[in-house]
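Have a look at the model below, then work through the tasks one step at a time.

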Amino acid sequence: MSRTFFKAKKFLASKFSESQTGRTVLLRLFGQNGDRIMQAMKDAAEQFDSTATAKQLKVDLLKLLLKVLLLYREHIITPEMAQPAKQPLLIMMDLLIETLEADRSKRSPAELARVMAECHDAVMPLLKPNVREHNWRRLTRVFDFYGNESFLTAFLLDPAYTGTRTSILINFQILLKRYELDGQIAETKNFLRGQALERRAQLEGMVSNPTLRQWLENEQTSTLFSDWLRQAMGPEALNLQKFVKQVSYYRSTNNRSLLPKRAEQVYEAYLAEGAQCSIAISDEVRAAVDAKYAGGGKAAQRTDFDAAEVEAKASLNEMFQGGFVGSEQFQVIVDEIAEIDRRMNRQDQLNAALEEANDVPAGDLKDLALDVNVTKGEAADAAVDTGHDSEDDSHDLLNMAGSDTPPPPPSSSGLGAAEDTSS
């Protein structure tokens, strides 16, 4: 196509957000959920800054949307060219949903700001060579505002933004779910869900019928138990756990020539008189070990510390059952199970909501009808902004979106109760 004709299409793109046509294109691409996300973003910007800023950001977003659409349709941006931006964009959306789902205390505005900056840097190379400076600067303006840590701190943590947070979360979930059902990201999501369920099954046994052995064999839970021993019981109790771990390492030695040296290390560290990490065991057991190693015995056996280990574990188990179960460190695993359950329940609710939703179907970019109904002669005239009424341009853009049905009133609440809001 001629440069003049493409210039005409870009001109129409610049006009479309000045009317209801912009929302119609948005609805055709992403359905009611995309429209509600846009409205919620505008509401949040207005709440944080001003009505003028919110309107400008909405115009920026809508104009960027159609310009990218045109570049894609005219093969100026190809799927191969867009590939480097795909992962940062999905990571940003995934982190946004994960952050909004998390408890308030676990939300990190700084982390989301960092990921949004990376997404901006990944998308910019697609725009900068293909649009004028004032248009690619729209992308920076949008990310500078919504990716600013001050805005994100207010948006993520301030109770006053609860309504907009909820709307963005629900509608993003439903929007992304459509792509999952189309197979675009289902495989990754199913894999992660399987991992989460497997993790839950592993942890469930640790809290429903907790045993010292389970908690010592798992690296994460063993560390939690160590933290509790250090804080609640003191260094001598922590030495017992270190001793049990060291004996297990000693017993697993395959090379018999290494046994004497490692046995001596265990004895000197935990059982010898004046040992740095001395443990409390019975006199009888200590005497038996001293008899063999105090004089530098060399005939080490893997069973030499079994009796001392039994007594150390008995002491640890008494502390485990008597104080650790129900502690703050134990609750970490209980909370993790609850978080997995919450995520699974939210996913099930999302599936149900998606089945019941009657939103406008989301179109696939590559299937959209984007033929602008203007002749080449008209295109030459349209290439210059003469300030004429945009009604005819709006009609052409409706054809681009594949629909001539006027959009319903915008709504940013829930799954779509209409609100009387200005654009």
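Predicted model: local features only at pLDDT ≥ 70, side-chain atom pairs only at ≥ 80, totals over all residues.

**Exercise 1.** Find out what links Asp60 with Arg138.

*Solution.* Step 1: use the rule for a salt bridge (a side-chain nitrogen of Lys or Arg within 4 Å of a carboxyl oxygen of Asp or Glu).
Step 1: check the pair: Asp60 and Arg138 form a salt bridge, with the closest N and O atoms 2.6 Å apart.
Step 2: Asp60 belongs to helix α3 (residues 51–73) and Arg138 to helix α6 (residues 133–146), so their pair ties together parts that are 78 residues apart in sequence. Helices here are DSSP runs (H or I, at least four residues), numbered from the N terminus.

**Exercise 2.** Describe the salt bridges of Glu133 and Glu204.

*Solution.* Step 1: Glu133 pairs with Arg137, their closest N and O atoms being 2.6 Å apart. Both lie in helix α6, four residues apart, about one turn of the helix.
Step 1: Glu133 is partly exposed, at 42% relative accessible area, and Arg137 is partly exposed at 42% as well.
Step 2: Glu204 pairs with Arg200, with 3.3 Å between the closest N and O atoms. These two sit in helix α9 (residues 186–208), again four residues apart, about one turn of the helix.
Step 3: Glu204 is partly exposed at 28%, and so is Arg200 at 23%.

**Exercise 3.** How many salt bridges does a search of the whole structure find?

*Solution.* Step 1: the search finds 16.
Step 1: look for linked ones: Arg251, Asp306, Glu309 and Lys313 join in a network of salt bridges.

**Exercise 4.** Which residue lies over the face of Trp136?

*Solution.* Step 1: a charge sits over a ring if NZ of Lys or CZ of Arg is within 6 Å of the ring centre and within 35 degrees of the ring normal.
Step 1: Lys128 lies over the face of Trp136, at 4.5 Å from the ring centre.

Notes:
Residues numbered from 1 in each chain as written. Heavy atoms only, no water. Buried < 20%, exposed > 50% of the residue type's maximum accessible area, 1.4 Å probe, protein only.
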